[in-house]
Amino acid sequence: MRISVIGAGYVGLVTAAALASKGHNVIVVDTDETRVGMVNQKKSPIFEEGLDDMLSNCIDSNHLRATGDYREILPTDITLICVGTPSNPDGSMNLSYIKESARDIGRVLGAENGHHTVVVRSTVVPGTTKKVITPALEQHSGKKAHMDFDVAVNPEFLQEGKALHGFFNPDRIIIGEEERRAGDMVEKLYEGISAPVIRMGITTAEMIKFTSNAFLATKISFINDIGNICKKLGVDVYDVVKGVGIDYRIGEYFLNAGIGFGGSCLPKDLKALVHASGHLGYQPLVLESVLEVNRNQILTMLQMVEEKLGNLKGKTVCVLGLAFKPNTDDIRNAPALEVIRLLMEKGASVKAYDPLAMPNAKSALSEQVEYCRNAKEAVAGCDCILVLTEWDEFKDESLYHGKMVFDGRRVLDPGEAETFCDYCGICW
Ligand code: NAD
Ligand code: UGA
């Protein structure tokens, strides 16, 4: 198939490279010239295991190319929209990139003679494809959706750090369609991939994506709530999960208590759902609490540090881990960044180290953080250590000997840690 992918970010590039590696001819369109240049030079602008090699092979075999010019989607059969949908300051979803891409795709579709399918792969608030994207495509093409061109929804469920694996081994493929022809086109993309394919209406498919992310976030805040109770009881929440997760109705996954969830999706999608729900006249109490518990984990960590260390003015705090989770350089909504801002507001100096995320953290944080070359350098001479991302290299106990340690990610075994450092787990 001839495929165009709009947006060369995590979702767009992974989708484009994966499809090109299956032998399709793929063109990636991005408005960011630097990203376009990097992709064409076989360099991924984002870190994702295996992506550089796959990009390189696909470009060498002429199956993949990037461009800034939307007109290049004209000869393709199907266009996948993968642009960002970040949060507005009020928590609602910022649809400006989606609207711009629908406008630019629409303009090209106006000149199209064949039949084109437009697929929304970005996460959009339920109703957006029908109410915003399809009308924009019709307006700018002067054509009628579901007659002159088709529209479908195919939400992405990838996890950063294992995105390519996720593409080739999905739990399910969700297709939202108005007419069979569009869904058939989307299903063809996944030929050779073994996973249940579930087809339904467009708005239902959009809601499935939000419900999945909301449930994952709820599991995390739920276990953090339980963990906070456990800590007061002197019980280890990780032992509790062993006994609870064995029940197949509950499951052991996504019950790692800690500093809370970050990243580019769980927080912003949850906020967008709460906001959209308010507009529908419903207050989603559970979802609101999930966000509140998540925010409180950060404040709890700060409170623990102050309780043990006293006034933070003039103290040096070492932060190990800046990425929102290991195996990524992504710092969007990473708990570590907010912790650093609050520590510095309280007058502490911060030394930090992360194996991948320091360049991104430097651009995101205006605060004067001392970035270190390795974990050993970061912990040297500090008054306490906060572990905020569970990178494997932070499991090295020699980093912590004789130190005051606040573990936000359960990198150390509490029983053992107590023998070589002044150890405090966030909710264990
Ligand atoms: P990203 O910010 O990494 O990439 C978005 C890309 O779109 C950027 O390269 C940007 O330059 C480009 N872009 C913006 N406006 C454009 C336009 N008008 N035309 C062409 N290119 C444009 O975003 P992402 O993390 O890949 O997320 C994309 C979407 O997928 C979001 O809706 C997100 O919620 C969803 N999603 C993300 C993940 C994830 O793990 N990152 C997983 C599942 C779903
Ligand atoms: C998440 C979902 O897992 C994906 O299915 C979804 O496609 C994606 O969002 C999206 O829509 O963008 P991702 O953001 O890559 O994927 O990260 P997760 O692995 O879900 O982790 C999110 C956050 O939760 C991280 O900060 C992680 O440390 C935290 N987490 C995760 C916990 O605190 N405890 C857990 O048990 C699991």
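Is Tyr238 buried or exposed? Tyr238 is buried, because its relative accessible area is 17% and the cut-off for a buried residue is under 20%. The model under discussion is a predicted one, and the points below take up its overall form before returning to this residue.

1. Overall composition. The protein contains 15 helices and 14 strands. Its radius of gyration is 23 Å, close to the 22 Å that the globule rule gives for 428 residues, so the protein is as compact as a globular protein of that length. Along the principal axes, its C-alpha atoms fill a box of roughly 70 × 45 × 40 Å.

2. Of the 428 residues, 55% count as buried. Among the contacts in the protein with a separation of 6 or more, 70% are between residues 24 or more positions apart. The student may wish to keep this figure in mind when reading the points on individual residues.

3. Aromatic pairs. The count of aromatic pairs comes to four. One of them joins Phe167 and Phe168 in an edge-to-face arrangement, with 5.4 Å centre to centre and 75° between the planes. Phe167 counts as buried, because its relative accessibility is 4% and buried means under 20%. Phe168, at a relative accessible area of 27%, is partly exposed. Ring pairs also bring in Tyr190, so that Phe167, Phe168 and Tyr190 are linked into a cluster.

4. The pair formed by Tyr238. Tyr238 and Trp428 make an edge-to-face aromatic pair, with 5.4 Å centre to centre and 85° between the planes. This pair links distant parts of the chain: Tyr238 belongs to helix H9 (residues 237-244), Trp428 lies in the segment after strand E14 (422-425), and 190 residues separate them. Trp428 counts as buried at 10% relative accessibility, and Tyr238 is buried at 17%.

5. Cys427. Where in the chain is Cys427 placed? Cys427 is found in the segment after E14. Cys427 has a relative accessible area of 0% and is therefore buried. Leaving aside neighbours within four places in sequence, Cys427 is in contact with Asn224, Gly227, Asn228, Lys231, Val237, Ala257, Gly258 and Gln297. By contrast, the C-alpha atoms of Cys427 and Gly183, which are 244 residues apart along the chain, are separated by 46 Å.

6. Lys42. Lys42 sits in the loop between helix H2 (33-40) and helix H3 (51-60). Its phi is near 70°, a positive value in a residue other than glycine. With 32% relative accessibility, Lys42 counts as partly exposed. Which residues does Lys42 contact, leaving aside its neighbours within four places in sequence? They are Asp52, Ser56, Ile59 and Asp60. Cys58 is 16 residues from Lys42 in sequence, and the C-alpha atoms of the two are 8.9 Å apart in space.

7. Asn327. Asn327 is another residue other than glycine with a positive phi, here near 65°. Asn327 is placed in the loop between strand E9 (316-320) and helix H12 (335-345). Its relative accessible area of 43% makes Asn327 partly exposed.

8. Pro75. Pro75 occupies the loop between strand E3 (64-67) and strand E4 (78-81). Pro75 is partly exposed, with a relative accessible area of 48%; the limit above which a residue would count as exposed is 50%. The C-alpha atoms of Pro75 and Pro170 are separated by 29 Å, while along the chain the two residues are 95 apart.

Key. Residues numbered from 1 in each chain as written. Chains lettered and ligands numbered in written order. Predicted model: local features only at pLDDT ≥ 70, side-chain atom pairs only at ≥ 80, totals over all residues. Heavy atoms only, no water. Helix = DSSP H or I, 4+ residues; strand = E, 2+ residues; numbered from the N terminus. Rg over C-alpha atoms; globule rule 2.2 N^0.38 Å. Buried < 20%, exposed > 50% of the residue type's maximum accessible area, 1.4 Å probe, protein only. Contact = heavy atoms within 4.5 Å. Phe/Tyr/Trp six-rings, centres within 6.5 Å; stacked < 30°, edge-to-face > 60°.
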